[in-house]
Amino acid sequence: ALALLSLVWTIDPAATSRTLVQMVPVVAAAVTLVALAPGLWTREAAARWLCAGLILAAGLIVVEALWSPPLPLRRLVRAREYLPDLKRSATPLAVLVFPALALLAPVSERWGPRARLAGLAVVVAAAAAIALAQSGSAMLGLAVGLAVWALALLAPRLAAVTLAAATLATLILAPLLAPIMAHARGDFAFLERFHANHRLSIWRAFGERVWDRPLLGHGFGASDKVWALPRADGDLDMTGRLVLENLHPHSQPLQIWVELGALGALLAAFVAVLLALRLMRDEPRRAAPRLGALATAFATAIASFGAWQAWWIAVLGLAAIFFAVERASARRPN
């Protein structure tokens with residue numbers, strides 16, 4: 001609703017309209033399938049298809065990365081031969097590992113040998129594909145998600161509260177992230193391999209533009225046009241333009257601030273915290289994969305793709321669909 005309302009004040013109505021047209025059908029399809037999937041799919045079928053899909057996708061990424069020369073499948077279908085595209089291909093694996101673990105977990109008994117082996121195969125395949133794709137954000141997301149999943153098995157309340165607090169802190173500090181990291185950069189030299197300097201310059205430039213419209217932002221989907229706006233003193237920001245032109249913030253919390261302002265950040269924090277605290281009421285083995293998926297999605301979102309890209313929304317929707325199948329199966333009598 002806030003995204004739609006931002007058409008009133010957006011700096012680029014065309015960009016806002018285009019982003020809404022791309023995103024709304026995906027969200028509507030996800031919500032519809034969350035409602036319908038439990039009646040169409042059994043737990044066993046969902047687990048079988050999801051695990052097979054994840055392992056197949058991971059195998060394709062391995063072939064693309066290790067073949068010499070790389071990307072033989074993309075050449076075969078005449079797609080763009082650009083190795084960094086594998087990062088986007090690998091990112092869904094990090095999120096979808098967790099609904100697979102939820103579907104593999106028995107409803108009322110201990111894990112059997114076959115379920116353990118399948119779960120291990122899915123995690124190892126996803127981790128190998130993400131590593132070969134060299135996706136730093138997906139590596140971070142999967143590592144954080146697995147840590148939260150393990151913690152939630154032992155202490156789901158602690159995991160949920162920790163995740164909620166981290167979400168709040170990240171959303172509050174998003175406009176200040178670049179100055180904070182730049183100050184501590186000497187202690188994190190290993191980040192240089194993940195293009196830290198370029199990413200920090202993007203975050204700093206977008207963080208400065210947050211304060212031009214701090215309450216309501218520049219408009220949904222319009223962050224890649226803020227470079228064209230004059231500063232408060234009327235001068236063009238030539239330095240910022242060199243960094244920002246036609247780019248999104250590469251940080252979804254920061255993108256929310258730039259496009260929807262403090263109100264958008266407040267709503268995003270409310271949704272994330274409400275979901276984390278809602279999962280505290282589930283038993284540990286059912287809460288753990290959900291908290292793991294939420295942590296993975298949020299950790300990946302901190303330093304990567306645009307928040308409203310349709311493929312990313314589709315990945316989150318797909319995770320919700322599989323979790324809905326798992327929840328419905330747990331309620332049914334044996």
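Predicted model: local features only at pLDDT ≥ 70, side-chain atom pairs only at ≥ 80, totals over all residues.

Visitor: OK, how many aromatic pairs does the whole structure have?

Guide: A search turns up 5 aromatic pairs. One of them is Phe220 with Trp308: the ring centres are 4.8 Å apart and the planes sit at 40°, so this pair is tilted.

Visitor: Where do Phe220 and Trp308 sit in the chain?

Guide: Phe220 is in the loop between helix H10 (196-210) and helix H11 (238-244), while Trp308 is in the loop between helix H13 (284-302) and helix H14 (310-331). They are 88 residues apart, and the pair links distant parts of the chain.

Visitor: Is Trp308 buried or exposed?

Guide: Trp308 counts as buried because its relative accessibility is 18%, and the cut-off is under 20%. Phe220 is buried too, at 1%.

Visitor: And which residues form an aromatic cluster?

Guide: Phe305, Trp311 and Trp312 form one. Within it, Trp311 and Trp312 pair edge-to-face, at 6.0 Å centre to centre with 70° between the planes.

Visitor: Switching topic: how many helices and strands in the protein chain?

Guide: 14 helices and 0 strands. Buried residues make up 45% of the 334 residues.

Visitor: What about Leu154, buried or exposed?

Guide: Exposed, with a relative accessible area of 78%. Leu154 belongs to helix H7 (residues 136-154), and its C-alpha is 7.1 Å from that of Pro284, 130 residues away in sequence.

Definitions and conventions: Residues numbered from 1 in each chain as written. Heavy atoms only, no water. Helix = DSSP H or I, 4+ residues; strand = E, 2+ residues; numbered from the N terminus. Buried < 20%, exposed > 50% of the residue type's maximum accessible area, 1.4 Å probe, protein only. Phe/Tyr/Trp six-rings, centres within 6.5 Å; stacked < 30°, edge-to-face > 60°.
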